[in-house]
Amino acid sequence: MLEIKNLHAKVEDKEILRGVDLRVNAGEIHAIMGPNGSGKSTLAQVLAGHGAYEVTAGEVTYEGKDLLDMAPEERAREGIFMAFQYPVEIPGVNSAYFLRAGLNEVRRHRGMEELDAMDFLALAKEKLKLVEMDEGFLRRPVNEGFSGGEKKRNEIFQMAVLEPRLAILDETDSGLDIDALKIVADGVNRLHTPDNAVIVVTHYQRLLNYIVPDYVHVLVKGRIVRSGGKELALALEEKGYEGFEIEAVKA
Amino acid sequence: MQQTIDQKDRYLSAFEGFERCLNGKSASPLHAVRRAAIARFAELGFPTTRDEAWRTTSVAPITKVAFKPATGYDPQGLTAGRLAPFLFEGLACSRLVFVNGYYSPELSSLRALPEGAQAGSLAATLASDPEAVAPHLARHARYQDHAFAALNTAFIQDGAFVRIPKGAALEDPIHLLFVSTARGDAIASHPRSLIVAEAGSRATVIESYVGPDQGVSFTNGVTEVVAGENAVVGHYKVQREAREAFHVATFHAHQGRGSKLSTQSISLGGGLVRNDVAVTLDGEDAEAALNGFYLADGRQHVDNHTWIEHVQPYCTSRELYKGILDGESKGVFRGRIFVHPMAHRAGRGQLLVDAIQSNPNLLLSDRAEVSTRPQLEIYADDVRCTHGATVGQLDENAIFYLRSRGIGLEEARQVLIKAFADEVLNLIQVEPVRAQLERLVSQKLEAGRRAREAG
């Protein structure tokens with residue numbers, strides 16, 4: 001589904017990704033772990049198409065297409081979804097309007113009929129249950145005045161509505177208490193099917209107790225220095241990233 | 001300099017001509033005011049960019065044109081059909097139409113008013129019942145330090161007069177439609193309006209300034225509002241004159257104890273536009289809301305000066321002016337809040353003054369400009385006065401967020417621009433007015449977007 005080869009990216013002349021290789025197949029859950037500043041979030045943003053990051057080398061193929069050639073909205077319509085680490089507050093834009101507009105773009109792209117306000121509301125109500133949010137939420141401006149936990153739950157709610165093929169969760173666990181973490185993880189698990197894939201970007205192992213990955217990759221200084229199964233996350237939890245940082249310097 | 005004097009002279013001699021036409025009415029007390037005003041104008045002359053209040057707005061383009069003063073009612077071939085685009089669809093209202101400042105009986109239509117209420121031509125009231133007007137007219141909008149207000153006052157002739165008697169509630173709004181024409185000579189008009197809401201009354205008045213012709217015109221209007229004790233007044237001013245039009249408008253509201261005034265000024269049209277909006281809070285517990293929205297593109301220049309004077313304690317003022325500037329347009333905002341010396345009355349503990357002002361601006365083009373200047377002068381303790389001004393572009397992170405959910409770039413931009421405008425347009429309480437303005441704003445934004453894409 002996704003193949004990343006030798007990906008290099010920089011932001012404002014600072015090289016962050018220095019040769020990332022990663023292959024993700026349908027049905028898999030991958031965790032990307034790493035210390036602060038290792039480039040985890042940059043990788044997520046580059047995959048989503050954020051304009052502040054410049055890809056300087058490498059390639060990314062998604063469903064056989066050149067992902068880097070697509071605008072962010074095209075990626076979304078093709079089924080890529082990033083749950084933001086810091087969801088953006090958009091005053092004056094109603095949540096329901098925003099999400100319906102996005103969903104209809106995605107549906108149009110997939111050759112499906114657009115949903116009118118009534119049908120959308122019925123769908124949204126159903127999906128809200130997944131993250132234990134109430135309907136009033138839809139009438140509020142996008143993320144405005146939401147608590148940290150509400151913002152993260154809103155991301156997973158949007159994911160539930162948009163039904164992506166590839167979901168990238170960028171530190172979705174940060175700032176969540178254990179109850180909210182469980183709700184979010186439970187939502188992700190229920191959305192996961194053999195047809196889609198999830199990339200979980202996280203600093204801590206904690207989230208991986210609830211979203212159990214098939215593969216764990218350790219990203220240090222812009223490179224994946226170790227890949228393994230879920231037990232790698234536990235080893236990291238115990239020993240920290242120090243050993244890997246030394247490996248990265250040697251490499 | 002010589003040229004400026006000549007330009008001033010044009011208006012001074014126009015005044016002489018105007019006086020000759022008054023046929024004996026020149027002995028009236030009002031005429032003494034006109035004379036004082038023209039004398040003051042002669043002293044002041046037109047402002048230059050050396051004047052503090054006109055630092056960022058040059059009126060030279062106005063003074064250069066040899067405008068002919070409008071001297072009386074001339075329908076200029078206007079028909080109801082030509083005015084249709086300027087009416088508010090679905091709004092039940094009394095409508096007073098003025099052509100170049102003069103009342104048009106055939107284009108106006110009045111609905112039933114509460115007993116004792118008046119809505120009509122100022123000229124007619126000056127002729128039939130000058131006492132109704134005398135206590136208020138030219139008492140509030142200060143012409144002593146404003147050349148354009150002085151000119152308007154010197155040429156007071158016609159405009160709207162609205163009076164709502166004590167305790168009466170005006171159910172339907174009154175729509176004052178000022179039409180500037182540009183069919184032959186370039187015409188200068190000085191519409192003068194007075195709205196008196198007596199104690200405990202309620203009224204909503206909408207002023208529209210429109211121009212159905214493409215061409216140069218100069219409108220120099222003054223509107224005074226007097227809100228008596230506990231009166232509730234809603235006021236809207238919609239400016240959508242032609243691109244070539246010059247528009248200078250002075251609004252001054254005087255508020256008594258416990259009165260509530262909400263005024264909103266929306267500037268979409270005109271080439272060079274200056275609004276002076278002043279409110280005097282002259283009774284305890286009065287509340288004023290001053291809102292504004294300007295959307296400029298091309299080479300439009302829109303200047304809003306507001307002036308809130310807290311004279312008596314325990315008053316509240318809220319001010320939100322938002323601007324969107326595209327093309328090579330320029331926006332100017334100066335928001336003054338002046339708090340007079342005042343002290344608590346025994347037994348009252350709340351803030352003496354509660355004033356919040358905000359002026360966010362959105363630039364859609366790197367050639368557009370904004371100058372914003374809050375100015376607080378406070379001579380009392382125990383007050384809350386806050387202000388905030390911002391000038392920025394669309395939030396790139398917000399655009400990315402919308403795009404990451406499938407919304408296209410141009411659509412994302414339009415959604416964010418509209419959300420910016422909606423915050424202030426949503427404050428319009430008269431639904432047909434809000435709906436129409438939302439439509440007009442969307443149309444203008446759409447035209448701007450096409451121009452950007454083409455250019």
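Analyst: Helices (H or I, at least four residues) and strands (E, at least two) are DSSP runs, numbered from the N terminus. This is a predicted model: local features need pLDDT of at least 70, side-chain atom pairs count only at 80 or more, and totals for chains, interfaces and linings use all residues. Residues are numbered from 1 along each chain as its sequence is written, while chains are lettered from A and ligands numbered from 1 in the order written.

Start with the sheet. It is open and has 4 strands of chain A, in the order β2-β1-β4-β5. The pairing is antiparallel (strands pair if DSSP finds at least two bridges between them). β2 (14-24) and β5 (65-66) of chain A are the edge strands. Each of these two pairs on one side only.

Now go through the pairs. β1(A) and β2(A) run antiparallel and are joined by 8 bridges. Here Ala9(A) stands opposite Leu17(A) of β2(A). The hairpin of β1(A) and β2(A) has 2 residues between the strands. In that hairpin, Glu12(A) takes a positive phi near 45°.

β1(A) also runs antiparallel to β4(A), with 7 bridges joining them. Glu3(A) stands opposite Thr61(A) in β4(A).

Helix α1 (residues 40-48) of chain A lies across β1 (2-11), β2 and β4 of chain A. It runs at about 70° to β2(A). Angles run from 0 to 180 degrees between N-to-C directions, and axes are lines fitted to C-alpha atoms, for helices over the stretch in contact.

Next, the face that chain A turns to chain B. The contact takes 21 residues from chain A and 16 residues from chain B (in contact: C-beta atoms, placed from the backbone, within 7 Å). On the chain A side, α2 (72-77), β7 (90-94), α3 (95-109) and α5 (148-162) each supply at least two residues. That side has 13 nonpolar, 5 polar and 3 charged residues. Nonpolar means Ala, Val, Leu, Ile, Met, Phe, Trp, Tyr, Cys and Pro; charged means Asp, Glu, Lys and Arg; the others, Gly among them, are polar.

The contact takes 13 residues from domain 1 of chain B and 10 residues from domain 2 of chain B. β9 (202-210), β11 (232-240) and β13 (260-267) of chain B each supply at least two residues of the domain 1 side. β11(B) gives the most, with 3 residues. By class, the domain 1 side has 8 nonpolar, 4 polar and 1 charged residues.

Last, a helix pair in chain B. The axes of α8 (residues 396-403) and α9 (residues 409-425) of chain B come within 9 Å and cross at roughly 125°. From α8(B), the contact uses Ala398(B), Ile399(B), Leu402(B) and Arg403(B). From α9(B), it uses Leu409(B), Ala412(B), Arg413(B), Val415(B) and Leu416(B). The residues of this contact divide into 7 nonpolar, no polar and 2 charged.

Notes
Two residues are in contact if their C-beta atoms, placed from the backbone, lie within 7 Å.
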